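Me: I have a structure open and would like to talk through some of its details with you. Can we take it piece by piece?

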Amino acid sequence: MELDARTPAGPIEQKWDRARFEMKLVNPANKRKHSIIVVGSGLAGASATASLGELGYNVKCFCFQDSPRRAHSIAAQGGINAAKNYQNDGDSVYRLFYDTVKGGDFRSREANVYRLAQISVHIIDQCVAQGVPFAREYGGLLANRSFGGAQVSRTFYARGQTGQQLLLGAYQALERQVDAGTVTMFPRTEMLDLIVIDDRARGIVTRNLVTGEIDTHIADAVILATGGYGNVYYLSTNAKGSNATAIWRAHKRGALFANPCFTQIHPTCIPVSGHYQSKLTLMSESLRNDGRIWVPKQKGDKRPPNQIPEDERDYYLERRYPSFGNLVPRDVASRNAKYVCDQGRGVGETGLGVYLDFADAIQRLGRKTIEERYGNLFEMYERITDEDPYQVPMRIYPAIHYTMGGLWVDYYLMSTVPGLFVIGEANFSDHGANRLGASALMQGLSDGYFIVPYTIGNYLATEKLEPVSEVHPEIRNAVACVEQMTHKLLAIRGKRTVDSFHRELGKIVWEYCGMSRTAQGLETAIDEIRDLREEYWQDVLVPGSANDLNQSLEKAGRVADFFELAELMCVDALERDESCGAHFREEYQTGDGEAQRDDEHYSYVAAWAYRGYGNREELSKEPLEFEYVHPSQRSYK
Amino acid sequence: MRLRLKIWRQKSRSVTGKFVTYSVENVNPDMSMLECLDVLNEDLIERGEEPVAFEHDCREGICGSCGFMINGIAHGPLPATTVCQLTMRHFKDGEQLILEPWRARAFPLIKDLIVDRRAFDRIIAAGGYISVSTGSAQDANTILVPKEAADRAMDAAACIGCGACVAACPNASAALFTGAKIAHLGILPQGKPEQNRRAIRMVTQMNEEGFGGCTNIGECTGVCPKEIPLEVIAAMNRDYFRGSWRERDNIVTTIRPFTEWSTGSKLQIDPHASS
């Protein structure tokens, strides 16, 4: 398939302004004649819903939780980047653009990234105006801190709960529109299929998670803002309900899936403590501003950390990367943690852990300052591990956290299905092969507040959309597919629970498609996944019925989709014979263990098209050209 | 460890519920309360029984989805901790835990330990926001916010909307929840223009939902996982009182007969009037 990003012509700093002028507008009086569906109510979904409602469109917003405020954006901790240069340390829109392209290891679309940096400044303005209680300096101005992959202090934060406050700002704006009558909210409602009529996205099929009722909703355009697919690994920092079902079902209806193997592993999470573990808890990257990462120099050194003298400690990030030190990007930090643990120098009972030590910072800044900056994070750590990070170093280990891959979108955030827009973590754009810290919040709000409200207007003003009959065959077909799958899952009545299959699937993908990958491992994974998938459809046990609240049934559908997605991830990783960002193929690395790209052959976005159940997907390539930021070997030394 | 879990089971709102006692073996002290329920549920499913339905999502104490009473205390015995973050090391071998859903008229039950908390969203929709549409904002640093005010606003803004405050309150009052949002936005300069009408509208909505009145008992802040301070209720009352005077020309007062949960009057603000 020919992939046209529809990037506007002209110098990069003018592309978005030019696009906004050239895009068609919907007359203010006509906006209320259009209906738009938004699936997902996180940062991207809530901000889009609110902004579209404010503009006068009729919006229906769907989420599977009991309230839009539960979206997993709420858990984001560390902060949001913006190129304000309030700290006067050399930041600019261009520098943020540059850092993000480089951080993404030269696998993202330059024009999209520049626009993201350009819009970042407006996001902070909007959030402050909404009453987001960002941290302040004594003079009343906004405070900043640094994040990985940057040498400037451009991150705005609200304690260690920035995601919460940003989401509440967007959620409150959404509720204001509910009150105003422009937005109708459908909580406890899950999208299970996309309705495509005359090659255009015209609606969704939903299941009411309380009554089990299957319903259809028709609109002029559909926006998916359903987050990432990290839960394919079962253990991740995602919420338990986070899933890929909406984007996967849309994928099966024609939306190409881009770079699925670009999954990000966050270096600082609380290590696993037992087999019953249900998820991994993130310790914000912002901690790396003040914490120092180390392991004992000696292999097998099991002494308590406070008994290991300074000269017997290996502050390995500071040693290997003098310029960036502990603030190297996530993929670099995660791989290094894995190396030292593989060498037998890991800490904690399982040997899968490294220390994040605040002793020096507490001595330098005082405990009160550390409490102000990270208070809630330290408390969370202590609650879970029963260890006090003010007294002993934190133990951390990498865990799956974010997915750079997602549905392919063009410059207008529209997928390969006309009328289907994808925003936030659910789309593939902007972060390339590795996302920098504090930029997910930035991207979600950029897409939702400042991009899709324009680009969707352009679509609505350009297309002639006929009203759709409720009994259109496509609608009945989609509903039938959903009902069929629901009943099939319940009818199997096998012996293994959904979670037991999910855990096993997660282990396979973590082992073979996690921090480092090999061709042989990926081939093994593909076989094991296919076998496990067969077993699932023969032996899964889903209790209860379809007609009431059934959490096992909800999980069962999501895990069924994870099987297919997991296979695609491995196929994608196998196809990409290079290392870039978070995708590390052991066969392709530099002398000192860094990712080695092959720009000559792999400077493209890998976009996959669904070709039926069990069939190999078809690859299309969007070539990437870098006019402004010249691809180089990423070095943070 | 071994634990006995006595759990409220109720298939739906219209069906009578009851307590059922389960025994959970091999409870690891590092497990969270919800992981312990997961283990119980896996067992129930394998035995062909219906698993216990409970609300949860982030499992890190920030989304506010989870929550139930453990031995009569909302979110269990550990202060400032949600059930998803409560580790089993705080319980003794052989102990019995009684798990019940939040009980309040304004939180109708859905199933087992899951209740309907949309009343909270409606209270926010009534005024828990600052009216600024996307794109109209000035440069962020043109609004100076004293550090102390930003910190206090953040303390109030930390509310996760879990409903523990309502569940713990003998009156089932939502004053802490509503007060937290009113305080958060009212402390900040951005929230000042709407400070009065926000309080009037949100308190009115809170009363409409069927929550009880606040009589300054303080159980709410005691169980709040984010330790929202009681002062936010004072902020709410102060803004409401001031608003009743300042917005008096825009308020339509209707006197209704006494009910067991309201003060007897309902105030409506004309949304198109300016103060």
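Me: What does the side chain of T155(A) make a polar contact with?
Reply: This is a predicted model, and in it the side chain of T155(A) makes a polar contact with the side chain of N81(A), at 2.6 Å.

Me: Is T155(A) buried or exposed?
Reply: T155(A) counts as buried, because its relative accessibility is 0%. The residue lies in strand β4 of chain A, residues 155-156, and, not counting residues up to four places away in sequence, it touches a set that includes G78(A), G79(A), I80(A), N81(A), R145(A), F147(A) and A438(A).

Me: Next, N238(A): where is it found?
Reply: N238(A) is found in the loop between β9 and α7 of chain A, and at 7% relative accessibility it counts as buried.

Me: Which backbone nitrogens does its side chain reach?
Reply: The side chain of N238(A) reaches the backbone nitrogen of G230(A) at 3.4 Å and the backbone nitrogen of N231(A) at 3.5 Å. Leaving aside neighbours within four places in sequence, N238(A) is also in contact with other residues, among them H72(A), K279(A) and H401(A).

Me: And T226(A), what is it in contact with?
Reply: T226(A) is found in the loop between β9 (221-224) and α7 (245-252) of chain A. Once its neighbours within four places in sequence are left aside, T226(A) is in contact with V39(A), G40(A), N243(A), A246(A), I247(A) and A426(A). T226(A) and S242(A) are 16 residues apart in sequence, while their C-alpha atoms are 8.1 Å apart in space.

Me: Changing topic, how many disulfides does the structure hold?
Reply: It holds zero disulfides over all chains.

Me: What about C63(A), how far is its sulfur from the closest cysteine sulfur?
Reply: The closest cysteine sulfur to that of C63(A) is in C61(A), at 6.4 Å, so this pair too is too far apart for a bond. C63(A) is buried as well, with a relative accessible area of 4%.

Me: How many residues of α16(A) are buried?
Reply: Of its 25 residues, 21 are buried, so α16(A) is largely enclosed by the rest of the structure. The helix covers residues 551-575, and at 1.5 Å a residue it should span 36 Å, which agrees with the 36 Å between its end C-alpha atoms.

Me: What caps its N-terminal end?
Reply: N550(A) caps the N-terminal end of α16(A), with a side-chain oxygen 3.2 Å from the backbone nitrogen of S552(A).

Me: Last one, how many helices and strands does chain B have?
Reply: Chain B has eight helices and nine strands, and its C-alpha trace spans about 65 × 50 × 35 Å along its principal axes. Buried residues make up 57% of the 275 residues in chain B.

Note on methods. Residues numbered from 1 in each chain as written. Chains lettered and ligands numbered in written order. Predicted model: local features only at pLDDT ≥ 70, side-chain atom pairs only at ≥ 80, totals over all residues. Heavy atoms only, no water. Helix = DSSP H or I, 4+ residues; strand = E, 2+ residues; numbered from the N terminus. Expected span 1.5 Å × (residues − 1). Buried < 20%, exposed > 50% of the residue type's maximum accessible area, 1.4 Å probe, protein only. Polar contact = N/O pair within 3.5 Å; in protein donor to acceptor, adjacent residues only side chain to side chain. Disulfide = S-S within 2.5 Å. Contact = heavy atoms within 4.5 Å.
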